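This report considers how the copies in a multi-chain model meet, and then turns to selected features within single chains. The sequence and structure are shown first.

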Amino acid sequence: MFDLSMGKYREIVNIRTEAEGDIIDLSALLAKVLQNSGLGEGFLCAFVPHSTCALFTIEYELGLQKDMRETLQRLMPDDIEYEHHLRWRDGNGHSHIRASFLSPSLVIPFSDGELDLGTWQQPVLMELDPSGRDRKLIIQIIGDI
Amino acid sequence: MFDLSMGKYREIVNIRTEAEGDIIDLSALLAKVLQNSGLGEGFLCAFVPHSTCALFTIEYELGLQKDMRETLQRLMPDDIEYEHHLRWRDGNGHSHIRASFLSPSLVIPFSDGELDLGTWQQPVLMELDPSGRDRKLIIQIIGDI
Amino acid sequence: MFDLSMGKYREIVNIRTEAEGDIIDLSALLAKVLQNSGLGEGFLCAFVPHSTCALFTIEYELGLQKDMRETLQRLMPDDIEYEHHLRWRDGNGHSHIRASFLSPSLVIPFSDGELDLGTWQQPVLMELDPSGRDRKLIIQIIGDI
């Protein structure tokens, strides 16, 4: 149970999104980074240092991508008044609010060098800003060999 | 402060839910798993490898369980059109969207072998699928002795 | 990559909120606690052991604070009927539901002794209870020197 070979590993990956509402499957990327780490069991934390972008899990198929975009538009519409926009005129008040609800941080456990994800459960990055952006994805891992 | 006795511990627990909207209190279970670990201070990550099930914290009493079900139904109704359903005909588009908003991952710190939960704050698993299911709860812990 | 100098650090900070909807910037506080830890790379978990209070990230400016309050009021209004209130008469059903959606737990990776936060991304504590409260913020860190 106790193991003195605890270690850490870290990678930063640049991801280009093309448009608002893009949802990018991170499954293969996170699996590869975990493999690069050489670590066997522990936690992986994926994090985006951005306030109009989010990470979450979803069954990655086109239907749910559309449903997610429509749900966000129904709950936090882009065409109502946001005080953020009135003050800063950058037209992304809805993006900020959506990102705060969805979270920039996703912690996934792993064992035997494999993430504990379900078959129909993919980790994704969603672009919430009105335009595509260069996004930075930080992957920090702690575990043992 | 620094401690070379860092270790990890892991258990997988099967949980049977009976119906959509079931909310199961995990307090006693997580306390027991933490005790089994023998670890004193660190993080516990509870994770469900499912896309129509979620983990969160709530004051565990019948009133809020009803309020949570009604809030989900108001915000992500089960009787509107989901593209997921149109494509796959499995009638659980709303379940997936609710799960993405609520998250499958819950990280709780602990010290002196006890989770840092408030008196009126219980960790729970919520069934979001239209029927009861056999769910897998992964509990991964990292900490020191 | 592997490092036998893994360690942990922990602080508990008391935070006084004045009113419902208060959003408190934790940036300087978390940076200081991380510095106190002497740790270089790993995870920081901030956690509130409360069921009517939440942690998340947002661009900390007055406009978005107002937008966040208005969004919560639109999605989980304080003036509809909550079963929690009917049973317990404490008038904070909406506070509990909002807290469950927003989460009491925030995990942020760090390296070189600095949190991986974006320039316009601040970690915050939001008071969701109808009145100001004394809140406890637990900061648990695991990483290496």
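Only 18% of the interface residues of chain A are also interface residues in chain B, so the copies meet through different surfaces. The model under discussion is predicted. A rotation of 120° superposes chain A on chain B, with 0.0 Å of shift along the axis and an RMSD of 0.0 Å. The two copies are thus related as by a three-fold rotation axis.

The contact between these copies involves 33 residues of chain A and 34 residues of chain B. On the side of chain A that touches chain B, at least two residues come from each of the elements tabulated below.

| Element of chain A | Residues |
|---|---|
| Strand 3 | 41–47 |
| Strand 4 | 53–58 |
| Helix 2 | 62–75 |
| Strand 5 | 105–111 |
| Strand 8 | 134–144 |

Helix 2 of chain A gives the most to this side, with seven residues. By residue class, the side of chain A that touches chain B divides into 18 nonpolar, eight polar and seven charged residues.

Within chain B, one position in strand 8 may be examined in detail. Strand 8 of chain B covers residues 134–144 and includes B:I141. Is B:I141 buried or exposed? With 26 other C-beta atoms within 10 Å, B:I141 is buried, since the criterion for a buried residue is 20 or more such atoms. Leaving aside neighbours within four places in sequence, B:I141 is in contact with B:K8 and B:Y9, with B:L34, B:S37 and B:L39, and with B:G42 and B:L44. A separation of 9.6 Å lies between the C-alpha atoms of B:I141 and B:I108, which are 33 residues apart along the chain.

In chain C, attention turns to a sheet. Three strands of chain C form an open sheet in the order 2-7-4, with antiparallel pairing. The edges of this sheet are strand 2 (23–25) and strand 4 (53–58) of chain C, each of which pairs on one side only. On average, neighbouring strands of the sheet are turned by 30° against each other, direction ignored.

Strand 7 of chain C spans residues 122–127 and pairs with strand 4 of chain C in the antiparallel sense over six bridges. Which residue of strand 7 of chain C is the bridge partner of C:I58? The partner of C:I58 in that strand is C:Q122.

Definitions and conventions
Residues numbered from 1 in each chain as written. Chains lettered and ligands numbered in written order. Predicted model: local features only at pLDDT ≥ 70, side-chain atom pairs only at ≥ 80, totals over all residues. Least-squares fit on C-alpha atoms with pLDDT ≥ 70 in both. Contact = placed C-beta atoms within 7 Å. Helix = DSSP H or I, 4+ residues; strand = E, 2+ residues; numbered from the N terminus. Buried ≥ 20, exposed ≤ 12 C-beta atoms within 10 Å, placed from the backbone. Nonpolar A, V, L, I, M, F, W, Y, C, P; charged D, E, K, R; others polar. Pairing = 2+ DSSP bridges. Axes fitted to C-alpha atoms, helices over the stretch in contact; angles between N-to-C directions.
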